[in-house]
Amino acid sequence: MSAAIWDQWNENQIPRFPREKVVQFVLSNFTTPVAPGTWALDLGCGSGADALFLMERGFNVTGVDGSSIGLANTQALVAQMPGTLNVQQACLSQFEVPAKTYACAISVGVLDAAGIDEARIAVPRLVDALRPGGKALLIFAGEGDFRIAGVPELSLHGYSRREVESLIVLEYGVSAWIDTCTTTFQNNVTRQIDWIVTIAKR
Ligand SMILES: C[S@@+](CC[C@H](N)C(=O)[O-])C[C@H]1O[C@@H](n2cnc3c(N)ncnc32)[C@H](O)[C@@H]1O
């Protein structure tokens, strides 16, 4: 990853609230609060908007990100929250978390930044990290998304359906739903095309 670019992003452009899809996913799959000691993994946590939302719901959170500034922002944002935040500075192909531990895992706007080679390592590792009954939500850009060409400095990869399918290895007991969400802006001139991948482990 280009650490300088993403440090700059985390300095300047941090989202102040969790993504609507994350809110829907968490509220429809988990009780509020979750049982004490329930862990969530936020892969590519950025500056912590989703981590804060997860901690408000009672999760302990592991936040992984390549940007030290993003992780410092995350720590500052949740400083007053009860519960535990562990942070790990690592790129997507090198993070290490315990297997079969997390009830919830999310990765929002990160697989597109990391690119397909890192994603091929990260997604199976994220699935391994889910405990039985655990659920994951992955959101990342699809081909044709305006950000691919429109924000060239981020070098985002827009995934084709075939590429998305190749990321998910459906071993025994793992189910996945591969969906999309398109949002248009400026009278349909600008199109944000997100893959919305939900994974469940029995
Ligand atoms: C668009 S931001 C999204 C942050 C957060 N998930 C959110 O929704 O606000 C992408 C984040 O992924 C991190 N990132 C990009 N490429 C990465 C990589 N290869 N490994 C680890 N983190 C990466 C960046 O540092 C940045 O914080």
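1. In this predicted model, 70% of the contacts in the protein chain between residues at least 6 apart in sequence join residues at least 24 apart. The secondary structure of the chain comprises eight helices and seven strands.

2. On overall dimensions, a compact globule of 202 residues would have a radius of gyration near 17 Å, and the 16 Å of the protein chain therefore agrees with that expectation. Along the principal axes, the C-alpha atoms fill a box of roughly 45 × 40 × 35 Å. Of the 202 residues, 40% are buried.

3. The seven strands of the open sheet follow the order S3-S2-S1-S4-S5-S7-S6, and their pairing is mixed. Strand S3 (85-89) and strand S6 (174-185) stand at the edges; each has a single partner strand, so one side of each lacks a neighbour in the sheet. On average, and with direction ignored, neighbouring strands of this sheet are turned by 15° against each other.

4. The parallel part of the pairing is illustrated by strand S1 (residues 39-43) and strand S4 (residues 102-108), which are joined by three bridges. Within this pair, leucine 41 has alanine 105 of S4 as its bridge partner.

5. Antiparallel pairing is found between S5 and S7, over seven bridges. Here leucine 138 stands opposite valine 197 in S7. S7 is also joined to S6 by twelve bridges, again in antiparallel fashion, with cysteine 181 opposite aspartate 194 in S7. S6 and S7 form a hairpin with four residues between them. In the turn of this hairpin, glutamine 186 has a positive phi of about 55°, a point the reader may wish to view in the structure.

6. Which residues have the most contacts inside the largest nonpolar core? They are Ala40, Tyr102, Ala105 and Leu126, in a core of 53 residues. S5 supplies the largest share of this core, with seven residues. As a general matter, nonpolar side chains in soluble globular proteins tend to be buried together.

7. Leaving aside residues up to four places away in sequence, alanine 105 touches Ala40, Leu41, Leu43, Leu126, Ala129, Leu130, Gly134 and Ala136. Among these is Leu41, the residue whose bridge partner in S4 is alanine 105. Ala40 and Leu126, also touched by alanine 105, are listed with Ala105 among the residues with the most contacts inside the core.

How values were computed
Residues are numbered from 1 along each chain as its sequence is written. This is a predicted model: local features need pLDDT of at least 70, side-chain atom pairs count only at pLDDT 80 or more; totals for chains, interfaces and linings use all residues. Two strands pair if DSSP finds at least two bridges between them. Helices (H or I, at least four residues) and strands (E, at least two) are DSSP runs, numbered from the N terminus. Axes are lines fitted to C-alpha atoms, for helices over the stretch in contact, and angles run from 0 to 180 degrees between N-to-C directions. A nonpolar core is a set of buried Ala, Val, Leu, Ile, Met, Phe, Trp, Tyr and Cys residues joined through C-beta atoms within 7 Å. A residue is buried if 20 or more other C-beta atoms lie within 10 Å of its own, exposed if 12 or fewer, and partly exposed in between; C-beta atoms are placed from the backbone. Two residues are in contact if their C-beta atoms, placed from the backbone, lie within 7 Å. The radius of gyration is taken over C-alpha atoms; the globule rule is 2.2 Å times the number of residues to the power 0.38.
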